[in-house]
Amino acid sequence: MKLFLDTANVEHIREIQSWGILSGVTTNPTLVSREGRCMRDCLEEIVSIVDGPVSAEVLSLDTEGMIREARELASIDPKINVKIPVTPEGLAAVKALSSEGISTNMTLVFSLNQALMAAAAGATFVSPFVGRLDDVGSDGMALVRDIVSVYRNHGVGTQVIAASIRHPMHVVQAAMAGADIATIPYEVMVQMVRHPLTEAGIERFLRDYEKVRAMEAGK
Ligand code: G3P
C-alpha cells in the first residue's frame with residue numbers, strides 16, 4: 001500500500017519526503033485554507049517537492065465549472081490529479097475529464113454505490129472517507145474493504161485511497177483491507193514510525209557499546 005500525505009503544508013511534505021517513503025500528496029480546500037495561501041501557490045510548491053500524484057480539489061458545483069477548474073489545475077503540472085466530489089455533476093465531469101486524459105480522484109465517497117459510479121465514470125482514484133463515517137457511528141473501514149473486494153471481483157482499475165485517516169490503526173486496517181493507498185495526516189505519519197521499544201532499543205545498544213569504546217580508549 002502506498003503512503004500519501006494528506007496536507008497542504010509544504011514543511012511537513014518536505015520532512016516526510018526526506019524519509020524516502022512518500023508516494024504522493026492529497027489536499028482539499030480546508031487543508032489549503034489552513035496554510036493562508038492560494039491553491040495555485042500551494043500546488044506549485046508541492047509538485048516541486050513530491051515525485052508522485054498530487055490531488056487538488058475543484059470548488060465549482062456544476063459540471064462545466066468543474067471541468068474548467070480541472071483543466072486549470074491539471075495545467076499546473078502533470079502530477080496533478082483533480083479531486084471532484086461524487087455528485088451527478090461530478091460524475092459527468094469525471095467522465096469528460098477521463099476522456100481528455102486528465103487524472104481524477106472522486107472524493108467524499110461514503111457508500112459502495114458511489115464508488116461503483118465513480119469507477120463507471122472512469123475515475124483514476126476513489127476516496128472513501130473512513131474517519132468521517134466512524135464519526136457518525138458507521139464502520140468506515142468496512143466500506144474500504146467492500147470497495148476493494150467489489151473492484152477486484154469486477155476487474156475495476158480505479159485505485160482506492162483510504163482517506164480521512166485519523167490514527168495509526170486506520171493505516172494498518174487500510175493495508176489489511178487491500179487499499180491501494182492510504183492518505184495520512186502528518187501527525188499520524190509521525191506516530192507510525194515511533195515505537196517506545198525502538199527508542200529504548202537504540203538507547204540500550206548505544207549504552208552497551210559505550211563499554212567497548214571505553215575499552216578501546218583504555219588500550
Ligand atoms: O483526505 C480527506 C481528508 O482530508 C478528510 O479528513 O479528517 O477532515 O475527515 P478529515
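This is a predicted model: local features need pLDDT of at least 70, side-chain atom pairs count only at pLDDT 80 or more; totals for chains, interfaces and linings use all residues.
**Ground rules.** Residues count from 1 along each chain as its sequence is written. Local features need pLDDT of at least 70, side-chain atom pairs count only at pLDDT 80 or more, totals for chains, interfaces and linings use all residues, and side-chain values use heavy atoms, with hydrogens and water left out.

**Entry 1: the neighbours.** I looked up which residues surround the ligand, and got Asp 6, Asn 28, Phe 129, Arg 132, Ala 163, Ser 164, Arg 166 and Thr 183. Being near takes a heavy atom within 4 Å.

**Entry 2: polar contacts.** I went for pairs of N or O atoms within 3.5 Å. The side chain of Arg 132 has an N or O atom 2.7 Å from a ligand oxygen. For Asn 28, the side chain comes to 2.9 Å from a ligand oxygen, and a polar side-chain atom of Arg 166 is also 2.9 Å from one. I then checked cover: the ligand alone exposes 310 Å², and the protein buries 82% of that (Shrake-Rupley method, 1.4 Å probe).

Entry 3: The ligand sits in the largest pocket, meaning more than half of its atoms lie within 2 Å of the grid points. A pocket is an open set of points on a 1 Å grid over the protein atoms alone, where a 1.4 Å probe fits, with protein on both sides within 12 Å along at least five of seven lines; lining residues have an atom within 4 Å of a point. I noted about 380 Å³ of space in this pocket, filled by probe spheres set on the points. Its lining has 22 residues, and Asp 6, Asn 28, Leu 31, Arg 34 and Pro 185 are the closest to the centre.

Note on methods: A polar contact is a pair of N or O atoms within 3.5 Å; within protein, one must be able to donate a hydrogen and the other to accept it, and residues adjacent in sequence count only if both atoms are side-chain atoms.
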